[in-house]
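Work through the exercises below with the sequence and the structure open. Try each task before you read its solution.

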Amino acid sequence: MNDLLDLADPDLYASGRAHAVFHDLRETDPVHWQPPTPDRPGFWSVTKYADVNRVLSDYETFTSERGTLLNLLGRPDPAAGRQLAATDPPRHDHMRAPVQQALNARAVDLHMSAVDEAVNAVLEPVRRSAGSVVDLAAVFRELPLAAVGPLLGVPESDRARLTQFAEMCAAEDDPDVRLPDGVTATLRRGHRELFAYFADLVRQRMRQPGDDLVSVLVTMRFEGAPLPAGAIVANAYSLLLGATVTLPGVPGAVLAHLAATGSYRAWAQRPDLLDSGVEEALRFATPGMHFVRHTRRPVRLGRQEIDAGQPVVAWLSAANRDPAVFDAPDRFHPGRRPNRHLAFGSGRHYCIGSHIARRTLRLLFGRLLAEVSDLELAGPPVRVRSAFLSGLKHLPMVVVA
Ligand code: HEM
């Protein structure tokens, strides 16, 4: 089976077979070599929790500076050394500190009443649906920029098109996202539009800084000087992308599962399990399925000797279902404790938006569980066709108030 397996094939994830394949790989071939194809180099894949955790956190052995997504494989990463996600420590840490300060728990607290209002507004179509079918995937697609847009400095009027361009950069293989001229053209268009958008916004904030994240990037010092304009734009792009494409995947995957298994009420009746349930939702959904590193030196992983300069794909979604760490990993268990999932990564690149993401998800699930007494699937959920993004693009549901 492993000879025919292509872990970069988006159809594997669209079909819903990925977790079965990951379970098999963890047992039979936990450090798996994926041979090259005419348009893509070969790569290693790790699926065990311990290996994924090591690859993500051991930056001295595994660099982030040669691309962190499969869709960049074989091409130099133009953001290397200029963008947080594509820069190794110690430079990474100096670049990260001021942005982290603007996104730490205390800073996020100040935004929470606005985020609560935004979450409330996003859920309005669910309330209005009263007994008729509502596509929850479309509802949750509004969530990220409603919650994080003001923090980023993105006005409401721009949210819809920015969401569309972010999807072009992260789910370029999906037929509803892909442009008629192909996957590469889709990726290029998404990047071009978002970079042009942020180049304008950065120019505005240079003239008149405000209190948003783009202003933090514009006014911060890095290595004794302001961050170069290209690096500001690359980081603003990464903050937008990090927030926009990931958040909707969490409630989507979890509510689809709870409705399909008839287990929504069990969680709704336990408001004391909101916080642990949100952690479980993050583990269960793992919206960013993989991140890539390259070996800086020869290294032994499991039973494999890997040369220097090789791509290693850390499958977070596989690690988060590793039975060595999580009992009954395919089950959604809102009271699961401990729950050291890797949905936000591990080590120095641990998601910088984790506080705002967690708080937003707690508000969203808190309101849903309080207001909705049950859910019923009104048709099959449709998965995004992507080897990076795990999410649903359609989730037709009937909601019982
Ligand atoms: C449920 C929502 C989210 C998930 C699952 C998620 C997941 C992740 C993961 C796994 C990483 C580590 C990547 C790596 O190791 O290469 C990461 C990093 C990052 N995330 Fe998130 N993220 C989420 C929300 C957000 C939000 C709301 C923002 C922005 C406000 C954001 C911005 C970033 C940035 C800029 C990085 C790079 C950090 C660094 O390299 O130091 N993410 N995210």
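Helices (H or I, at least four residues) and strands (E, at least two) are DSSP runs, numbered from the N terminus. The model is predicted: local features need pLDDT of at least 70, side-chain atom pairs count only at pLDDT 80 or more, and totals for chains, interfaces and linings use all residues. Residues are numbered from 1 along each chain as its sequence is written.

**Exercise 1. Describe the shell around the ligand.**

Step 1. A residue is near a molecule if its C-beta atom, placed from the backbone, lies within 6 Å of it. Of the 27 residues around the ligand, Gly242, Ala243, Gly345, Cys351 and Gly353 come nearest.

Step 2. Look for the helices. H13 (229-244) and H18 each supply at least two residues of the shell. The largest share, four residues, comes from H13.

Step 3. Sort the shell by type. Ala, Val, Leu, Ile, Met, Phe, Trp, Tyr, Cys and Pro count as nonpolar, Asp, Glu, Lys and Arg as charged, and the others, Gly among them, as polar. The shell has 17 nonpolar residues, nine polar and one charged.

**Exercise 2. Check the length of helix H16 and find its packing partners.**

Step 1. The expected span is 1.5 Å times one less than the number of residues. H16 (residues 274-285) has twelve residues. From first C-alpha to last it reaches 16 Å, close to the 16 Å expected.

Step 2. A residue is buried if 20 or more other C-beta atoms, placed from the backbone, lie within 10 Å of its own. The buried residues of H16 include Gly277, Val278, Leu282 and Phe284.

Step 3. Two residues are in contact if their C-beta atoms, placed from the backbone, lie within 7 Å. The buried residues of H16 pack against H14 (249-261), H15 (264-268) and H18 (354-371).

Step 4. Go just past the helix end. Thr286 takes a positive phi of about 35°.

Definitions and conventions. Buried ≥ 20, exposed ≤ 12 C-beta atoms within 10 Å, placed from the backbone.
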